[in-house]
Amino acid sequence: MNITNHKNLTIWKFLIPSLLGVFLFLTPLPMEDGFRIPVAILSYWLGDLLVHILPKVMTVLITISFLGVFIQKTVKPKILTSSPFFIKLFDVNGFWYVVRFIAMILAIMTYFQLGTEAVYSEDTGGLLLGEGGLLTTLFTVFVFAGLFLPLLLNYGLLDFFGSLLTKVMRPLFRLPGRSSIDSLTSWLGDGTLGVVLTNKQYEEGYYSKREAAIIGTTFSVVSITFSLVVIQEVNLEHMFLPFYGTVLFSGFVAAVIMPRIPPLSRKPLTYVNGQEGNIDETIPAGFTAFKWGLQRAKEQADRNSSIKEFFRYGSKNVLDLLLGVTPVVMAFGTIALIIAENTSFFTWLGYPFVPVLELMQVPEAEAAAETLVIGFADMFLPAIFASGIESEMTRFIIACVSVTQLIYLSEVGGVLLGSKIPINFKDLVIIFLERTIITLPIIVMIAHLIF
């Protein structure tokens with residue numbers, strides 16, 4: 001093959017998989033209930049097809065995730081102790097061992113409706129594991145996202161955009177240019193998709209610990225589709241444009257501030273397992289950002305031309321997500337929802353916000369204060385609690401804050417804890433409160449201008 005033909009083949013190796021990835025993850029298509037990206041459409045299709053058996057499937061998978069750890073630590077069969085993939089999947093420390101055990105118990109109690117209703121009701125365990133629940137949705141999302149993720153990761157798309165957008169992302173957010181794709185994937189698809197993409201990039205040495213933590217907690221934003229659900233729940237769907245504009249502006253301000261304050265600013269700039277970083281953002285002399293990005297993209301695509309390897313890599317992604325992440329979501333999400341539904345814990349936590357909201361002249365401040373904290377359990381809870389508030393301005397504020405807080409244990413928070421990204425529970429609590437404190441005054445100010 002002559003040099004010209006090889007160059008033409010290489011650029012197609014970059015363009016075809018990358019454009020397919022852009023179509024699947026980043027292209028909103030019109031549907032009856034709004035716009036959705038193709039991966040989400042496939043996810044909903046599979047969810048509808050398997051709706052009645054997915055709770056059973058998820059219960060089995062969560063049980064396997066614990067039994068795998070148990071067998072790996074006790075029986076130690078060769079297949080689980082010699083394979084790097086199974087070692088990574090099942091050789092977890094004591095804390096995550098206990099988390100998987102708790103998840104298995106909660107899943108079994110919820111599926112078979114054993115023990116107290118506080119665990120398996122449709123507002124707690126059932127919200128996660130029931131038909132159409134979060135975990136059944138995560139199953140379908142993880143299947144397609146995990147399988148097709150290599151289209152975004154392995155064929156040069158991130159290398160191309162990394163060169164183009166470094167001069168924007170680095171000064172504003174202290175992040176590499178390629179992180180813009182993570183954010184866009186969350187925005188158009190789902191926050192959990194953004195975390196999945198970020199986690200794989202971190203594991204492969206493209207993000208430092210600090211960068212992965214920043215992206216996972218700052219750019220794993222709520223999708224446009226789910227934002228519409230939130231504004232409908234508070235009966236303000238006619239105000240979607242000012243609502244989403246407020247969310248974008250306040251979220252942008254938070255994204256600029258958060259990387260510059262603890263705990264994110266104190267995360268080390270080292271890489272996973274002590275390895276060297278895989279990103280060199282310098283553009284050589286004689287190259288424009290576009291030409292250098294294209295050059296790097298073609299080199300990356302040339303290294304990943306095996307279809308067999310594509311499906312092998314994607315299948316490992318799916319197993320890693322289903323067995324590694326879903327138990328964490330089940331354990332932390334269920335416990336948080338039990339506390340939210342059956343105790344006054346979040347009400348007490350919300351009391352300090354009452355005088356703050358009163359000072360900001362927010363109507364029905366006491367009712368609003370509780371919703372500012374309860375979103376830590378699940379992002380949809382503030383909207384549910386706010387639906388009974390009379391003031392449109394207060395409902396608008398609550399809807400905006402609930403979307404910009406980002407950290408929800410029943411979804412993104414749980415997925416973050418189950419990932420390899422260096423974020424712990426304490427970090428999540430602090431980041432959640434910081435995002436609330438940063439975005440609340442901005443949202444209230446805009447609300448006073450609108451109403």
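How many cavities of 30 Å³ or more does the structure hold? I found 2 cavities of that volume, a cavity being a set of points on a 1 Å grid over the protein atoms alone where a 1.4 Å probe fits but cannot get out.

Basis of the entries. I am working from a predicted model, in which local features need pLDDT of at least 70 and side-chain atom pairs count only at pLDDT 80 or more, while totals for chains, interfaces and linings use all residues. Residues are numbered from 1 along each chain as its sequence is written, and side-chain values use heavy atoms, with hydrogens and water left out.

Largest cavity. I noted a volume of about 90 Å³ for the largest cavity, where volume is the space filled by probe spheres set on the points. Its lining has 15 residues (those with an atom within 4 Å of a point), and Gly 162, Ser 163, Thr 166, Glu 281 and Arg 296 are the closest to the centre. Helices α11 (157-173) and α17 (289-302) each give two or more residues to this lining, and α11 gives the most, with 5 residues; helices here are DSSP runs of H or I with at least four residues, numbered from the N terminus.

Second largest pocket. I looked up its space, which is about 590 Å³; a pocket is an open set with protein on both sides within 12 Å along at least five of seven lines. Of the 26 lining residues, Lys 88, Val 92, Gly 418, Ser 419 and Lys 420 are the closest to the centre of this pocket.

Helix α9 against α18. I found α9 (residues 134-148) and α18 (residues 307-324) packed at about 150°, with axes 7 Å apart; axes are lines fitted to C-alpha atoms over the stretch in contact, and angles run from 0 to 180 degrees between N-to-C directions. The two helices are therefore roughly antiparallel, a term for angles over 145 degrees.

Helix α3 against α6. I then checked α3 (residues 54-74), whose axis comes within 9 Å of that of α6, with a crossing at roughly 150°. This pair is therefore also roughly antiparallel. Pro 55, Ile 62 and Phe 66 are among the α3 residues in the contact, and Tyr 97, Phe 101 and Met 104 are among those in α6.

Technical notes:
Angles under 35 degrees count as roughly parallel, over 145 as roughly antiparallel, 65 to 115 as roughly perpendicular and the rest as oblique. Contact means heavy atoms within 4.5 Å.
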